[in-house]
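Subject: Handing over the structure

Hi,

Here is the structure I promised to pass on to you. Have a look at it first, and then read my notes below.

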Amino acid sequence: MVNTAYLQVSTNGNTDIHDITTKVEAEILRSEVASGLVTVFCPSSTSAVTTIEFENGCLSDFRSLFDEIVNPERPYAHNLRWGDGNGHSHIRAALLGPSLTVPFSDRKLLLGTWQQIIFVDFDNRPRQRRLVLQVVGD
Amino acid sequence: MVNTAYLQVSTNGNTDIHDITTKVEAEILRSEVASGLVTVFCPSSTSAVTTIEFENGCLSDFRSLFDEIVNPERPYAHNLRWGDGNGHSHIRAALLGPSLTVPFSDRKLLLGTWQQIIFVDFDNRPRQRRLVLQVVGD
Amino acid sequence: MVNTAYLQVSTNGNTDIHDITTKVEAEILRSEVASGLVTVFCPSSTSAVTTIEFENGCLSDFRSLFDEIVNPERPYAHNLRWGDGNGHSHIRAALLGPSLTVPFSDRKLLLGTWQQIIFVDFDNRPRQRRLVLQVVGD
């Protein structure tokens, strides 16, 4: 069985981080698939998905990492060509990745106690995003 | 068909790296699924999974990368709030990612000759870990 | 339903980046699976897969990121042991990851408008690569 659903997220951009765990769980319940995989996919080249302990310290440290290794202040070839100033957003998104696959069983996500699914919008302005939640299983 | 299994791993923490390839292959044989996908998932916010050539040079270089880009010696907001000293572990795990999906066919993982599946425990102390192996296929 | 296919790619190595989106879409059409997941997998420890906006600015910035955070000019333990000079290739591939899972529906990949699937060969010489495309769905 395959169930395709979409999740709307309004973001502020600039490495805005959203905990989408509850919404992914709700979609699994709606899907009538008991056990399998859910792939959370960002159909975008400036946003990404991973897991983290969703508390302000970790979120701040996560943003600092990307400011350090993909610094928005340095020159980007993308910006020179297109002038939209989000060259760093593209590179951050490509590094972290647009896809996360999480197993579930008996209709429950098999996450750790302190582990949440996060959607990260790296773009340099607010965006209305639509994520794909693809549920495959029995 | 969906088969959910668990894999116990005892680690030393501190970027301890375990080759779990043989155990993932054994689980595919047990599952009676001939072809499909296996998702190796870390239900934790301080560990992660990827592939590498499992030889001491690569393992040492891999640890050096994380010491450089997510240096445990600098301040972390997580540590200031919680005092557990593993702020770098959380950020490393979020960057590398908790999920790896590997195809298999005729009950064999479709890995490269010099490619192994590794579980990496970034936490700052020994841990007893339980990974999820979700097998989906025919 | 599970369909296993392979994709041949001739590369120049040295972070050569190939847009494989059209070939992945063609394989979904051949598979006769209407909706599900396709996992693009690199059976190699020196190449990786992600998505990006495939334009020269982004590609140049992406290469610069890896030159900065996994600099080929510094010493690598792998090179000291094996003398093949591709220690940085292994570490880059392990960081970016060998696996990408993309949802599709009505035989179409659910990618963003400006988002392409890229195969990145980090090895330090030209290679003939064979990627796995595993299609699972209905």
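What follows is a walk through the chains, their contacts and a few single residues.

Some ground rules before the details. This is a predicted model, in which local features need pLDDT of at least 70 and side-chain atom pairs count only at pLDDT 80 or more, while totals for chains, interfaces and linings use all residues. Residues are numbered from 1 along each chain as its sequence is written, and chains are lettered from A and ligands numbered from 1 in the order in which they are written.

**How the chains relate**

Two copies of a chain are related by a rotation about an axis and a shift along it.

**Where the chains touch**

I call two residues in contact if their C-beta atoms, placed from the backbone, lie within 7 Å. Helices (H or I, at least four residues) and strands (E, at least two) are DSSP runs, numbered from the N terminus.

Between chains B and C, the contact takes 29 residues from chain B and 28 residues from chain C. On the chain B side, strand 3 (36-41), strand 4 (47-52), helix 2 (56-69), strand 5 (99-105) and strand 8 (127-137) each supply at least two residues. Helix 2 of chain B gives the most, with seven residues. By class, this side of chain B has 14 nonpolar, 12 polar and three charged residues. For those classes, Ala, Val, Leu, Ile, Met, Phe, Trp, Tyr, Cys and Pro count as nonpolar, Asp, Glu, Lys and Arg as charged, and the others, Gly among them, as polar.

Chains A and C also meet, through 28 residues from chain A and 29 residues from chain C. The elements of chain A that give two or more residues to that side are strand 1 (2-11), strand 3 (36-41), helix 3 (77-82), helix 4 (87-96), strand 5 (99-105) and strand 8 (127-137). That side of chain A divides into 16 nonpolar, 11 polar and one charged.

Only 14% of the interface residues of chain B are also interface residues in chain C, so the copies meet through different surfaces.

**Helix 2 of chain B**

The 14 residues of helix 2 of chain B should span 20 Å at 1.5 Å a residue, and its end C-alpha atoms are 20 Å apart, which agrees. (The expected span is 1.5 Å times one less than the number of residues.) Its buried residues are B:Cys58, B:Leu59, B:Asp61, B:Phe62 and B:Phe66. They cover an arc of only 165° around the axis, which puts them on the same side of helix 2 of chain B; the arc is that of the directions from the helix axis to the C-beta atoms. A residue is buried if 20 or more other C-beta atoms lie within 10 Å of its own, exposed if 12 or fewer, and partly exposed in between, with C-beta atoms placed from the backbone.

What covers these buried residues includes strand 2 (16-19), strand 4 and helix 4 (87-96) of chain B, together with helix 3 (77-82) and helix 4 (87-96) of chain C.

**Strand 4 of chain C**

Six of the six residues of strand 4 (residues 47-52) of chain C are buried, so the strand is largely enclosed by the rest of the structure. C:Ser47, C:Val49 and C:Thr51 point one way, and C:Ala48, C:Thr50 and C:Ile52 the other way. Strand 4 pairs with strand 7 (residues 116-121) of chain C in the antiparallel sense over six bridges, where pairing takes at least two DSSP bridges. C:Ala48 has C:Val120 as its bridge partner in strand 7.

**A few residues of chain B**

B:Gly137 sits in strand 8 of chain B and is buried, with 22 other C-beta atoms within 10 Å. Not counting residues up to four places away in sequence, B:Gly137 touches several residues, including B:Met1, C:Val2 and C:Val136.

B:Thr15 and B:Glu32 are worth a look too. B:Thr15 has a positive phi of about 60° although it is not a glycine, and B:Glu32 has one of about 65°, again without being a glycine. B:Thr15 counts as buried, with 23 C-beta neighbours inside 10 Å, whereas B:Glu32 counts as exposed, with 10.

Cheers
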